[in-house]
Amino acid sequence: RITASEWLRVAFHDMSTHNRFTGVGGLDASIQFELNNGENTGPGHRTSLEFYANYLTSRSSMADLIAAGVYASVRSCGGPVIPLRVGRKDATAAGPLGVPQPQNSVVTFRQQFDRMGFTNSEMIQLVACGHTLGSVHSAEFPNIVNASVGQIGLDSSNHVYDNKVVTEYLDGTTTNPLVVGPAVALNRHSDFKVFSSDGNVTLSAMADPNAYRETCRTVLQKMIEVV
């Protein structure tokens, strides 16, 4: 397990049920009430929130701590500085369902990200900027990663904030289990569905390391400011 990837994942899962049409949701720490709803699998959400709870005060909301976790996770792995503003209010109950799932169609992904307030290009960017860290674990997705393997990294440097998740996909060397492998036959190859949704135009623009860093700085700041 890589803590930095779990902190990124917590923030996305917390934000991703936001509805820009109703104004409900966003980065509001409602995920603390949603750990058993079937959309937030694995131990990382709970252990991340338990860690953040040590710093919860009247002046530091859980939502602000989750946002700060995005800054810390990206920066500690060599990524860009994500601008951070505070002042978020914590939810007092669970929000609606709506975290994107691997089996979704690309049409559903587009609709979900549009609901969050992201364009198709920003959807691709956000997934590429989030999936440079961490792995897919058999304990959560046994039909994608065999139990005998345990886990497969999303790229070959899954503890470093770099653009290999992009370049390995583009040059055909990726072992990302959400692009190749058993997930394909199961229609759970969600990274492929997202990345290829515009003919690889957006991803190709992120093949330059500097462009990747600047893009991720922008889109991750937007993610933590969805409130």
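Q: Is G23 buried or exposed?
A: In this predicted model, G23 is exposed, because its relative accessible area is 52% and the cut-off for exposed is over 50%.

Q: Where is G23 found?
A: G23 belongs to the loop between α1 (3-15) and α2 (44-52).

Q: And what separates the C-alpha atoms of G23 and A93?
A: The separation between those two C-alpha atoms is 16 Å, for residues that are 70 apart along the chain.

Q: Switching to the surface, which residues form the nonpolar patch?
A: The patch is made of Y71, V81, L84 and V86, and together these residues have about 330 Å² of accessible area. L84 lies in the loop between α3 (62-76) and α4 (106-116), and with a relative accessible area of 35% L84 is partly exposed.

Q: Now the rings: how many aromatic pairs does a search of the whole structure find?
A: The search finds nine aromatic pairs. One of them is F12 with F113, a stacked pair at 5.9 Å centre to centre with 25° between the planes. This pair links distant parts of the chain, since F12 sits in helix α1 and F113 in helix α4, 101 residues apart, and both F12 and F113 are buried.

Q: Why is the pair of Y161 and Y212 tilted?
A: The planes of Y161 and Y212 meet at 40°, with the ring centres 5.9 Å apart, so the pair is tilted; stacked would need planes under 30 degrees apart, and edge-to-face over 60. This pair also links distant parts of the chain, with Y161 in the loop between β2 (151-153) and α6 (164-170) and Y212 in helix α10 (residues 209-224), 51 residues apart.

Q: Are Y161 and Y212 buried or exposed?
A: Y161 counts as buried at 4% relative accessibility, and Y212 is buried with a relative accessible area of 1%.

Q: Which residues form the aromatic cluster?
A: W7, F51, Y52 and Y55 form one aromatic cluster.

Q: What sits over the ring of F118?
A: The charged end of K222 does, at 5.0 Å from the centre of the F118 ring.

Q: Where are N187 and N200?
A: N187 is in the loop between α7 (182-185) and α8 (190-195), where N187 counts as partly exposed at 39% relative accessibility. N200 is in the loop between α8 and α9 (201-204), and N200 is partly exposed as well, with a relative accessible area of 23%.

Q: Last, the cysteines: which ones form a disulfide?
A: C129 and C216 do, with their sulfur atoms 2.0 Å apart, and a search of the whole structure finds one disulfide. The bond connects distant parts of the chain, C129 being in helix α5 (residues 120-130) and C216 in helix α10, 87 residues apart, and both C129 and C216 are buried.

Q: Why is the disulfide of C129 and C216 left-handed?
A: Because the torsion about the S-S bond is about -90°.

Key:
Residues are numbered from 1 along each chain as its sequence is written. This is a predicted model: local features need pLDDT of at least 70, side-chain atom pairs count only at pLDDT 80 or more; totals for chains, interfaces and linings use all residues. Side-chain values use heavy atoms; hydrogens and water are left out. Patches are made of residues with over 30% relative accessible area and no salt bridge: like charges are joined within 9 Å, nonpolar side chains (Val, Leu, Ile, Met, Phe, Trp, Tyr) within 5 Å. Accessible areas come from the Shrake-Rupley method with a 1.4 Å probe; for residues, only the protein chains shown count as cover. A salt bridge is a side-chain nitrogen of Lys or Arg within 4 Å of a carboxyl oxygen of Asp or Glu. Helices (H or I, at least four residues) and strands (E, at least two) are DSSP runs, numbered from the N terminus. Buried means under 20% relative accessible area, exposed over 50%, partly exposed in between (1.4 Å probe, protein chains only). Rings of Phe, Tyr and Trp (its six-membered ring) pair if their centres lie within 6.5 Å; planes under 30 degrees apart count as stacked, over 60 as edge-to-face and the rest as tilted. A charge sits over a ring if NZ of Lys or CZ of Arg is within 6 Å of the ring centre and within 35 degrees of the ring normal. A disulfide is a pair of cysteine sulfur atoms within 2.5 Å.
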